[in-house]
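These notes are meant for a colleague who is opening this entry for the first time. Please keep the sequence and the structure in view while reading the points below.

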2 protein chains.
Amino acid sequence: MTKPDHLSVLDALHSTPARRRLSTEPIPDDVIWAVLDAAVRGPSGGNAQQWAWVVVRDRAIKDRIASWYLEGWNAAYGSRREEFLSAAPSELPMSPQAFLGAEHLAVHLAEAPVWIVPALLGAADSRDPLTGSSIYGAVQQLFLAAHAYGVGTNLTTLYRAHEADVRDLLRLPEDALTMCLIPMGYPDGGSWSQPRRKPVEAVTHWDEYGARRPRS
Amino acid sequence: MTKPDHLSVLDALHSTPARRRLSTEPIPDDVIWAVLDAAVRGPSGGNAQQWAWVVVRDRAIKDRIASWYLEGWNAAYGSRREEFLSAAPSELPMSPQAFLGAEHLAVHLAEAPVWIVPALLGAADSRDPLTGSSIYGAVQQLFLAAHAYGVGTNLTTLYRAHEADVRDLLRLPEDALTMCLIPMGYPDGGSWSQPRRKPVEAVTHWDEYGARRPRS
């Protein structure tokens, strides 16, 4: 197995952006197992672990889902290409550079060597916005572990207008809900840079909303 | 600031269980800032970051919410105490030891020196089970950063029958939804051990649900 670079947890937390430009180089099975074994250490309400982690490498399956994904991309973002590319910095949350990365992903999704589709069993009919508390922490663990092995990831849900089709294609149980799609691959462009975010002082409130403090 | 122990990301991913026995020792402001600054590097759909992170230290606020929490605990778990404590190992996802830890937390919640309540703006009316994809990854980053500083955390939602009351008490906007409550404190009992989970081979599927493989 490719040995992970020694990376401290604090450095990892500050240098794991979405990687959307991924090479086609295969990912060894033992890296996939190691990454999933770190993922499942994440939290699950009541430790119920009603989750399934589907590793997708079959090209026919990927092509099918990628076509649905491209539909979703075009509906949500592709049709607004000029708007995103001509926006002044910080006018939109997605920079022109991020837009181009996401567009690249939408076109090349099926070429990512491995996808992970985490699903929650019994969640198909959920209307609870807190449902994800039982899986997205584990997904974040997956992202960080992948980074330790030099593998890039990102979290997408743009396939979801075809949720039932994806569920059928992956032969998931009727009561399962896919929670996202995670393309994985060794990065081909971009860097392990700190994700650009609003300053922490701007989103932190002390005892009540609106009560700010300068960072000490 | 207490300097974080050098902890590799892979070690952290395998040794950050919910810590429910927390001391009352105060947490320095700069540790709180550092932990939140790591949290906000987590993912947010379209990088929108419609989040607010409320740091709660006011004892009156904590006492109020803790009483609602205890109601929720009793309704969901406390009333089933004997069942949990007499269950054979692996019969229920929550072991007797985990039950006692959660019970301890329910009784001592207000004594945890710091709580973080992450909220999503514009999510109050959400019925979308994928809503949490824009915050729980950041929450997991918070847990891991806290561990680097020796601070324990856990994720709870048992206050949520009183969501509107909590929102009012924290003066959150009407359209905000609290996504969980995170008690934080230096651990007082327990250890940074690997969370007990189903074996990764039992929850991993290859190209289609039900297609298993032994771990290589």
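**Notes on strands, interface and selected residues**

1. In this predicted model, strand E2 (residues 114-120) of chain A pairs in the antiparallel sense with strand E5 (residues 182-185) of chain A, over three bridges. Within that pairing, the bridge partner of A:Ile116 is A:Ile182 in E5(A).

2. Strand E2 of chain A has other partners to follow on the display. Six bridges join it to E1(A), and these two strands run antiparallel, with A:Ala52 standing opposite A:Ala119 of E2(A). E2(A) is also joined to E4(A) by two bridges, again in the antiparallel sense, and here A:Leu120 stands opposite A:Leu177 of E4(A).

3. How enclosed is E2(A) by the rest of the structure? Seven of the seven residues of this strand are buried, so E2(A) is largely enclosed by the rest of the structure. Both of its faces are covered, with A:Val114, A:Ile116, A:Pro118 and A:Leu120 buried on one side, and A:Trp115, A:Val117 and A:Ala119 buried on the other.

4. The interface as a whole can be described as follows. Chain A and chain B each give 84 residues to the contact, and between them they bury about 7800 Å², of which 58% is on carbon and sulfur atoms. The number of residue pairs in polar contact between chain A and chain B, with both residues at pLDDT 80 or more, is 44. On the side of chain A that touches chain B, at least two residues each are supplied by helix H1 (9-13), helix H2 (29-39), strand E1 (51-56), helix H6 (136-148), strand E4 (177-178), helix H8 (200-203) and strand E6 (204-206) of chain A. The residues on that side of chain A divide into 45 nonpolar, 21 polar and 18 charged.

5. Eight salt bridges are found across the interface of chain A and chain B. In one of them, B:Glu208 is joined to A:Arg171, with the closest N and O atoms 3.2 Å apart.

6. Helix H2 of chain A is mostly covered, since nine of its 11 residues are buried, including A:Val31, A:Trp33, A:Leu36 and A:Ala39. A:Leu36, which is found in this helix, has a relative accessible area of 0% and is therefore buried. Apart from its neighbours within four places in sequence, A:Leu36 is in contact with A:Trp53, A:Val55, A:Ile116 and A:Leu142, and also with B:Val200 and B:Thr204 of the other chain.

7. Most residues other than glycine have a negative phi. The phi of B:Asn47, however, is near 55 degrees, which is a positive value, and the phi of B:Arg171 is likewise near 55 degrees and positive. B:Asn47 lies in the loop between helix H2 (29-39) and strand E1 (51-56) of chain B, while B:Arg171 lies in the loop between helix H7 (163-169) and strand E4 (177-178) of chain B.

8. Is B:Asn47 buried or exposed? With 18% relative accessibility, B:Asn47 counts as buried, because the cut-off for that class is under 20%.

Methods
Residues are numbered from 1 along each chain as its sequence is written. Chains are lettered from A and ligands numbered from 1 in the order in which they are written. This is a predicted model: local features need pLDDT of at least 70, side-chain atom pairs count only at pLDDT 80 or more; totals for chains, interfaces and linings use all residues. Side-chain values use heavy atoms; hydrogens and water are left out. Contact means heavy atoms within 4.5 Å. Buried area is the accessible area (1.4 Å probe) that two parts lose on being put together, summed over both. A salt bridge is a side-chain nitrogen of Lys or Arg within 4 Å of a carboxyl oxygen of Asp or Glu. A polar contact is a pair of N or O atoms within 3.5 Å; within protein, one must be able to donate a hydrogen and the other to accept it, and residues adjacent in sequence count only if both atoms are side-chain atoms. Helices (H or I, at least four residues) and strands (E, at least two) are DSSP runs, numbered from the N terminus. Ala, Val, Leu, Ile, Met, Phe, Trp, Tyr, Cys and Pro count as nonpolar, Asp, Glu, Lys and Arg as charged, and the others, Gly among them, as polar. Buried means under 20% relative accessible area, exposed over 50%, partly exposed in between (1.4 Å probe, protein chains only). Two strands pair if DSSP finds at least two bridges between them.
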